[in-house]
Structure formats: structure tokens, C-alpha cells
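Thank you all for making the time this morning.

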Amino acid sequence: MIMRANPELPDAEAIKQDTLAKYPAKVARKRSKSMVVKEGEDIPEIQANIRTIPGIITQRGCCYAGCKGVVLGPTRDIVNITHGPIGCGFYSWLTRRNQTRAGLDGQNFMTYCFSTDMQDEHIVFGGEKLLRQAVQEAYDIFHPKAIGIFSTCPVGLIGDDVHAVARDMKEKFGDCNVFGFSCEGYKGVTQSAGHHIANNQLFKHMIGRDDTPVPGKFRINMLGEYNIGGDAFVIEDLLERCGITLVATFSGNSTVEGFERAHNADLNCIMCHRSINYVGNMMEKKFGIPWIKVNFVGAAASAKSLRKIAEYFEDEALMAQVEKVIAEEMALVDVAVARHRFHTQGKTAMLFVGGSRAHHYQELFTELGMETVCAGYEFGHRDDYEGRRVLPDIKVDSDSRNIEEITVTADPTRYNPRKTPEELAKLTAAGMEFSEYKGMIPDMRDGAMVIDDVSHWETEKLIEHYKPDVFCAGIKEKYVVQKMGVPMKQLHSYDYGGPYAGFRGAINFYRDIDMMVNSSIWSLATPLWERDKPQDVVAADYAISER
Ligand code: CFM
């Protein structure tokens, strides 16, 4: 007999079995390990970061996307050249809505799409000459501080050495930092491999190049904040009002100068653990900068994160200023919650996004009185679900071994532990958690289902069973879900909306979700599972087009 973990939620175990029933036995067995139900205090082990089964329609992206698009995408003053066929460059060009301010030097290359536009002849005879020409041309026209070269699948297949080209050109120019990324699309199993490769190269080629001191009493870096829809602008404003100096953001609204001076900060704050925890760990080893996990999605989470930063610096005046800013912001948030929660209380949400937002955005739904019944990442690892305590147990497979692990040691002159072991122990005893992320599952409700790398079939089945009031995912899912009569919120690009970070962002989110879950338009669509007869299909489509 199946026991239900929480009688208030639909029977997740039964839904799982029904969803798996359609698969061939071998596929069902495999997928079953990536679908778990939260029950009590035990955190179930979930299968994650493994290859998608061929033939299954996945939400995932490629390694190149994670490197060029995600981590380096928001950098405005690096010329990012895609070495490959034009499609890779074009489709990774500003589709993620990462925003930037041009800055005083006016160097903003984000509005350009740089590509070597590889053709058949380059696949046959090699593309290095073409790449050299492209790097030279970019340098001659723009005189950038840095040029990044990103490898697409064919580059790895034909063996072009992008690193050799980068080295030569860097030496030739003298005043431009040129570096390459072996981030071929097929490397690893998802874009997560691209994050790791991007982190490694940022660390090797940029972080710590410029020792010019950065003034400020409380200096931090924000890691894993990519300024989608202007989120980083909201966070920058909050930190400034608190008196906290932001040395660098990796990489929303970032600059070359920020990256090169990032080792001046005294604390690294990690927003998106999945995409950038590597930089946090490497900077700690090399420079002695501790890292903590923060989250600026959700009003309560933003307040908690600001307080954590202030506690780290152990400064009374900073703590008082942080409380003042929180009080100012919460006055507005409380009004918004009172307005919207009345309409949203008790509604349900499902979130299937990336490697961090499916967790963070549950905070905002909780603030709206909404329940997250089912959630999952596209490419999270087990630690993003179950917490970093499972790191020693994660099996390293051949796909992960494919990605370089840099050996980092303390910098001979610049390693400077920001806190003594006694100070760290005191802060830890007071509740501060260093180098820690507890993952998504502990924050979910009993009886909720967690699924890694959800497939198209599973999405349809889950919506049929859960009938959520809103489904959160990306553009590939949007219209399929909406045709089932369920509003779909894009949590990658925000559907032209946002910012959603910080307190002001939370208010924007409350408003947008209230509008979506209370619109009557969705009842006019007939979901697939109710279209038994062909004439129903016709009638339903006709009904929609008639309106
Ligand atoms: Fe981190 Fe991101 Fe995400 Fe991500 Fe992404 Fe993104 Fe995302 Mo789209 S870095 S893991 S690779 S928070 S692009 S800004 S929304 S899938 S959940």
C-alpha cells in the first residue's frame, strides 16, 4: 500500500508511478531514481547530473551555452567571440535578458554578436587561421581590454587549438588579455559543465591580475548573480544604501576591472551555487576569502542575506544601517503582500528551472501563500538538491572527469585569511554557515515531488495530475503548457518582466503572479487529456480562436 507523506497534497508516489508507466521498463527504472518524494526529515537521494536518455525531450542546454551564454554572457567589456558556425553565436546572443550599464569608458560589446562564422572548408582544412583573423579584427576595431574565445562542437571535433591562438594573440597585442574556453557543446552532460569551464578560465586568466586596492570598509563580491531583467541593479542599490562595497559581481553588470580586483574583497556571497561555487572555493584557497550562501530572491530571504553579511563584518553601525534599509523596504513589501496574498493564498505552483531558481523562487511563492507541489532542476547536481554534505558521496563519472579540476594552492604573497580560526568558530557558533548550501529538498514540504531533468512527457503527465495554478520553466515549455490551460511563467528570462530580486523585485513578482493565476483566459483552453474525440479538438481550438 502506498502511504501518502502529506494528505493535503496529491499522492506524489501514485503520480510518479502513473507517469513512469508509459516508459519501457529500462527507461522507467532509470527515470524513477530522478523522481523522489520528500517525506519527513529524511532527505531522499536523487539521481542527478547524468546523461539524458536518448529520445527523451529534455529542457537542458549545452556546455557552450553554460560557458559563453551564462557565465561570460553578461560581461560587457570583454569581446566574446564564438568560434563555430553562425547559429551558435546568434542563438546565444542576448536571449537571456542579462542587462548592463555601459559605464564611463563606454565599452559595451553586449549588443554585438561576434562569431568566426565557420564554413565547410574550415571543418575540412581547419579553422585556426580564421580565428586569428577574427581576433585581430576585433582588436583593431574595438581595442578591448579582453577577448574570450568560445569553442563550439566542430572546434573540438576537428581539433583547432583555441588556447594556442589565444596565447599568440595576447603576446602580439601586449595590451589585451586573450583567453580561450574548451567549452564544446557536447562536453559534460549539460550547461553545468560549461559553468565549471568558465569558472576555471576566469580564475586562471582574470581574477587577481590587478592588485590596485579597492577602498571600502565592508567589501564583498556577489557570485552567481547574472542581472537577468535588472536583478543585479536592485541588489547593487540595496548594498550601496547599506554601506557595503561591491567589488565585483560574477557576472551581472560586471567589468574586467572588477574581475581583476575581485581578490580585494573580504567576503564572497554566492547567489547561484550551481554555476559558480567553484570560483568561491578557489578564491578561498588562493586568497583566504570565505564564502557564504546568500539569496536575494524573496523579501524574507533578502533581509536574511543582508543580515548575514552585516553579521560577518561584526560591525554595530553596519548592522544598524542594514536594519534601517530592511525596515524601509519591508514597509513597501508588507503593503504589496497584503494586496496580493488575498488573491493568491492557497494556489499551487510547479517550478522546473536551471540549477538554482527552482529552489530560490519557492520563497516568493511562500510569501504569496502559494504551495510548491513539485519542483526540479534541469542540470543541478545532488548537492543542489540534498546539500553539500553529500559531496563526498557523489560518484565522479567519465562525463565529469572530462572537465578540468584546477589544483589551487595559497598565493605565496597574497593569501590572507580574512578571519582567524577563532573568529570563524565564533561566527559559526552564532549560526553563520561557511562554505555551505543546504539544497532545495530540505526547504520543500512533506509530500512534494522533486524531479531532476524533467522530460516533456513527464511535464504533461504532472500537469494533468497536479493541475497547478502556475507552471514555471522556460521558452521551450511555455506554449505547450499554456495550451493545457495553465499559465506559464518564464523564470529564465522573466517574460520581459522583472527585476524580481530584492524587495522591489519581490513586489514586481507578487503583482505579475497575481495577474497570471487570476486571469480567466486559461479556462478557455481545453487541455490535451480532455480532448478525447477529434471533434472536441476542433471545437476547443475553434473556441480559442473565436475569442
Ligand atoms: Fe544559476 Fe542562473 Fe540558474 Fe544557471 Fe541558467 Fe539563468 Fe537558470 Mo536560465 S546561472 S543555474 S545556467 S540561476 S540561464 S541566470 S535562469 S537555467 S536557474
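Let me begin with the second largest pocket, where α9 (191–205), α12 (273–287), α16 (382–386) and α17 (398–401) each contribute at least two residues to the lining; helices here are DSSP runs (H or I, at least four residues), numbered from the N terminus. Please keep in mind that this is a predicted model, in which local features need pLDDT of at least 70 and side-chain atom pairs count only at pLDDT 80 or more, while totals for chains, interfaces and linings use all residues. Residues are numbered from 1 along each chain as its sequence is written, and side-chain values use heavy atoms, with hydrogens and water left out.

A pocket, on a 1 Å grid over the protein atoms alone, is an open set of points with protein on both sides within 12 Å along at least five of seven lines, whereas a cavity is a set where a 1.4 Å probe fits but cannot get out, and lining residues have an atom within 4 Å of a point. The volume of this pocket is about 980 Å³, a volume being the space filled by probe spheres set on the points, which are joined across faces, edges and corners.

Which helix gives the largest share of the lining of this pocket? That is α12, with six residues. The lining has 36 residues, and Asn 49, His 381, Ile 394, Val 396 and Ser 400 are the ones nearest the centre of the pocket. By class, 13 are nonpolar, 11 polar and 12 charged, where Ala, Val, Leu, Ile, Met, Phe, Trp, Tyr, Cys and Pro count as nonpolar, Asp, Glu, Lys and Arg as charged, and the others, Gly among them, as polar.

Two of these helices, α9 and α12, pack against each other at an angle of about 30°, with 8 Å between their axes; axes are lines fitted to C-alpha atoms, for helices over the stretch in contact, and angles run from 0 to 180 degrees between N-to-C directions. The pair α9 and α12 is therefore roughly parallel, a term for angles under 35 degrees.

Definitions and conventions. Parallel < 35°, antiparallel > 145°, perpendicular 65-115°, else oblique.
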